[in-house]
Amino acid sequence: DYAQKMKDKKSDNNAVAGPTISADKLAPMVCFFGASPHELNYETEDENGKGVGSLSYAFSKVFSNASKGSTYRGLFDKIKVEMSGFAPRQTPQAEGQLDYAILGGKIAGKQEYFKVEKWNSDKSVTLNAGELLGLFVQTKVAFYDIDVKDISKAKPKATGVVTSTTLVSCEVTLDNPLDKPLALGSWVFVTEKNYGKIEVKVKLMVGNASLKESLTNEIKNFPFIKLVNEGADIVVDEGIEYSRGSQVNLTSANDVLLLEEPVNPNIALTTESVIEKIRSYSQANYIRGLDISDAKMDVKFEFIPVETVTEGNVTKEKSRGDIHSKMDETGIMVFKAGESYKIKVTNNGTKPLYFTIIDIQPDNVINMVVPNPETGRIALDYRINPGDSKELGDDDIIQFFPPTGNEVFKLIATETPLDLSSIVKTKGSGSRGANDSPFSALFAESFKTSGTRGSK
């Protein structure tokens with residue numbers, strides 16, 4: 001046996017006794033880390049305000065929604081995006097064989113339906129999924145017989161709405177009674193999704209009595225801003241801790257300085273500046289974390305490094321490089337100030353689509369990449385057929401400048417042309433037509449003051 005073999009094994013005093021395993025018998029190994037060695041690893045909060053590890057929370061959300069064929073590298077890319085919202089000063093790291101399929105390709109994939117875990121009463125049940133699978137409060141669901149695949153052709157036994165959630169389960173209040181056997185013998189499908197809360201917790205450490213009163217009164221007009229003494233997302237400091245003299249500082253929980261300016265003699269102007277920074281912080285964090293997918297609209301985009309030359313007022317591509325030279329050992333793209341890039345979009349889905357790309361800066365400013373009104377191109381110009389790729393032209397070259405930090409690009413694919421530029425320009429008050437994409441409504445809502453966001 002193993003013990004006897006080890007006892008009989010001869011070794012000198014400097015050798016470590018143990019079995020020798022050939023490399024070809026080792027299982028592939030992948031490790032994820034929440035931060036680089038020189039960074040602090042912060043805790044974050046879930047939707048219910050409970051403290052959770054930042055990497056653990058991001059991993060759980062992303063892994064719960066992983067699909068068949070996904071690789072560890074793809075999983076890690078989504079973890080980076082997820083963490084960029086609540087841990088912007090952390091740089092997640094990964095080691096190992098990242099291009100292997102998750103669990104050897106045996107992952108079940110994201111659930112299309114859910115099951116009743118517990119029958120509480122004829123008007124209340126508990127489902128076997130929660131926030132990690134996108135079931136937030138106010139999400140609407142319907143109950144169908146087991147094995148129903150096309151709910152558009154079937155009548156539900158009952159409907160309901162999610163009224164409370166945890167990370168792994170949720171309570172549903174039914175619109176009509178459903179007895180226990182019928183409830184337990186159901187598949188539950190989402191019919192109208194709610195995409196979680198926009199909420200920001202703010203702590204006021206303000207010595208200027210007039211400014212404190214002005215901020216307190218103004219915050220009452222914004223239900224998504226919650227004043228707290230502990231667990232703040234943003235600290236407003238004026239003359240108390242870090243700010244000196246008559247100066248106001250806004251700092252996030254992860255020590256990112258969001259605002260630093262003197263207090264204006266006109267207190268209303270400083271109040272407006274502080275509120276605007278809080279609004280942009282909450283809205284950018286919400287959009288960063290928004291992840292909506294449709295198997296029929298599978299679209300990818302990639303960056304191409306280019307050298308440029310300027311002729312008059314026109315910038316043109318002179319040459320191009322290899323994107324891999326811009327990546328660190330874990331595949332993180334590192335952009336430097338002044339570098340230029342083009343974007344290539346590929347439609348791997350089954351239907352024609354239009355695409356929009358937005359950029360969320362580390363300081364929470366949201367920019368339109370395409371369509372960009374300054375180039376004269378419109379949403380109709382960004383149509384792409386199934387199986388085709390489209391590389392953006394010289395008019396759409398991206399150049400990077402400070403502020404530094406984790407920058408997030410979001411690609412939105414829609415069946416009809418989508419132009420968010422008016423919404424960005426007017427902070428959500430731009431006009432929208434009846435036929436606009438649901439995303440434009442959701443995006444516009446993210447500028448406003450309601451506590452939750454939902455869209456069919």
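Colleague: Happy to look at this with you! How many disulfides does the count come to?

Modeller: A disulfide here is a pair of cysteine sulfur atoms within 2.5 Å, and by this rule the count comes to zero. Bear in mind that this is a predicted model, where local features need pLDDT of at least 70 and side-chain atom pairs count only at pLDDT 80 or more, while totals for chains, interfaces and linings use all residues. Residues are numbered from 1 along each chain as its sequence is written, and side-chain values use heavy atoms, leaving out hydrogens and water.

Colleague: Is Cys170 buried or exposed?

Modeller: Buried means under 20% relative accessible area, exposed over 50%, and partly exposed in between (1.4 Å probe, protein chains only). Cys170 has a relative accessible area of 1%, so this residue is buried. Cys31 counts as partly exposed because its relative accessibility is 23%. Across the protein chain, buried residues make up 41% of the 456 residues.

Colleague: Thanks! What does the secondary structure come to?

Modeller: Helices (H or I, at least four residues) and strands (E, at least two) are DSSP runs, numbered from the N terminus. The protein chain has eight helices and 25 strands.

Colleague: At what angle do helices H2 and H3 pack?

Modeller: Axes are lines fitted to C-alpha atoms, for helices over the stretch in contact, and angles run from 0 to 180 degrees between N-to-C directions. H2 (residues 54-64) and H3 (residues 72-86) pack at about 130°, with axes 9 Å apart. Angles under 35 degrees count as roughly parallel, over 145 as roughly antiparallel, 65 to 115 as roughly perpendicular and the rest as oblique, so H2 is oblique to H3.
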